[in-house]
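Colleague: Hi! Could you walk me through this model in simple words?

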Amino acid sequence: MSNDYEASVTPSWLTSDPSVWSSSGDGFTDNATYPSMDSFPPLPPLLVNPWDILLCSSGTLIACENALVVLVIWQNPSLRAPMFLLIGSLALADLLAGLGLVLHFTLAYLLRSDLAQLLTVGLVVASFSASVFSLLAITIDRYLSLYYALTYNSERTAAFTYTMLVLLWGLSLCLGLLPVTGVNCLAEESTCSVVRPLTKNNVAVLSVSFLLLFGLMLQLYVQICKIVMHHAHQIALQHHFLSASPHYVTTRNGVSTLAIILGTFAACWMPFTVYSLVADYTYPPLYTYATLVPATYNSVINPVIYAFRNQDIQKALWLVCCGCIPARVAHRARTPSHV
């Protein structure tokens, strides 16, 4: 009988209702042996998962950071080159992802509706998908800027950039709408993945797509390295000092930035991607949180890598924040983007 009592008050993190444990009373089967419920102090109406608080905090930081980047790019007409449009797309995607994490936390503990859960999870899926696709688009843009250096700023490049933006956001929207349009596990719990209400097949498709995108980004990075090495060799043949060449310094910075990007990208997303492929809803939720939280950190790091290191965005940021540009920033030699 005592075992039944203990089981009745054990919280479960596998349920979609965070307060379901507080209303469970099936263990009290013998009122002659145990006191009535009225003799116990009232239980708290909600139990907040500390991991959910951490995800909500990450979402708040993500939203604030990327909102600043979106505001700076939006308010400055000079930041309309294809490169800045892609950075803006990345910031907007991460901004929506941060808002999605905050909304999911708020609605999960206040509204506790299946429809609200589907909408917020769909928003998070679409936003993070757009973020990953934007990273790929920026990598492609960096490759084209080196491979077609003489014609990179042509109208054809701008048209290609707009095409990439339309495709990546359209595909991300379709992925985000899948849970809302019926591709979910609410009706059949056995098909759930590690992230409820996404199905195992849905998460598997997302994970495999991520691995393919990462492989493509890695291949583009290898090609960029080859181009940089070729350029360096040509400069050396012309008896120029490599360290004194602005073009070489810029491309070297771009390659080093890409290495940082790929490293942080893999470190943040790879654990959750691999785990979601091998696990399902029966696995302890702790493992899901432990791999999902680092994945959100990629959206925290993206503005630092892409936006805040760019000199044009730095100047615009100073103008937005304090209405002036420090001398050390204004007089710094202007170079192409380090992205």
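Modeller: Happy to; we can go through the disulfide, the salt bridge and the core in turn.
Modeller: This is a predicted model, where local features need pLDDT of at least 70 and side-chain atom pairs count only at pLDDT 80 or more, while totals for chains, interfaces and linings use all residues. Residues are numbered from 1 along each chain as its sequence is written, and side-chain values use heavy atoms, with hydrogens and water left out.

Colleague: Okay, how many disulfides does the structure hold?
Modeller: One. C185 and C192 form it, with their sulfur atoms 1.9 Å apart; a disulfide here is a pair of cysteine sulfur atoms within 2.5 Å.

Colleague: Is that disulfide right-handed or left-handed, and why?
Modeller: The torsion about the S-S bond of C185 and C192 is about 90°, so the disulfide is right-handed.

Colleague: And is C185 buried or exposed?
Modeller: C185 is buried, because its relative accessibility is 0%. C192 is buried too, at 2%. The cut-offs are under 20% relative accessible area for buried, over 50% for exposed, and partly exposed in between (1.4 Å probe, protein chains only).

Colleague: What about C56 and C64?
Modeller: C56 is buried, with a relative accessible area of 14%, whereas C64 is exposed at 51%.

Colleague: Switching topic: which side chains meet in a salt bridge?
Modeller: Those of E189 and R196, at 3.0 Å from N to O. This is the one salt bridge in the structure, meaning a side-chain nitrogen of Lys or Arg within 4 Å of a carboxyl oxygen of Asp or Glu. E189 is partly exposed, with a relative accessible area of 36%.

Colleague: Why can side chains pair like that?
Modeller: Side chains of opposite charge can pair when their charged atoms come close.

Colleague: Nice. How many residues are in the largest nonpolar core?
Modeller: It has 63 residues, and L79, I87, F265, W269, Y306 and I313 have the most contacts inside it. Helix α4 gives the most to this core, with 14 residues. A nonpolar core is a set of buried Ala, Val, Leu, Ile, Met, Phe, Trp, Tyr and Cys residues joined through side-chain atoms within 4.5 Å. Helices (H or I, at least four residues) are DSSP runs, numbered from the N terminus.

Colleague: What does W269 touch?
Modeller: Leaving out residues up to four places away in sequence, W269 touches F128, V132, F210, A295 and N298. Contact means heavy atoms within 4.5 Å.

Colleague: Last one: where does S131 lie?
Modeller: In helix α4. S131 is buried at 2%, and its contacts, again not counting residues up to four places away in sequence, are L90, A93, D94, S299 and N302.

How values were computed:
Helix = DSSP H or I, 4+ residues; strand = E, 2+ residues; numbered from the N terminus.
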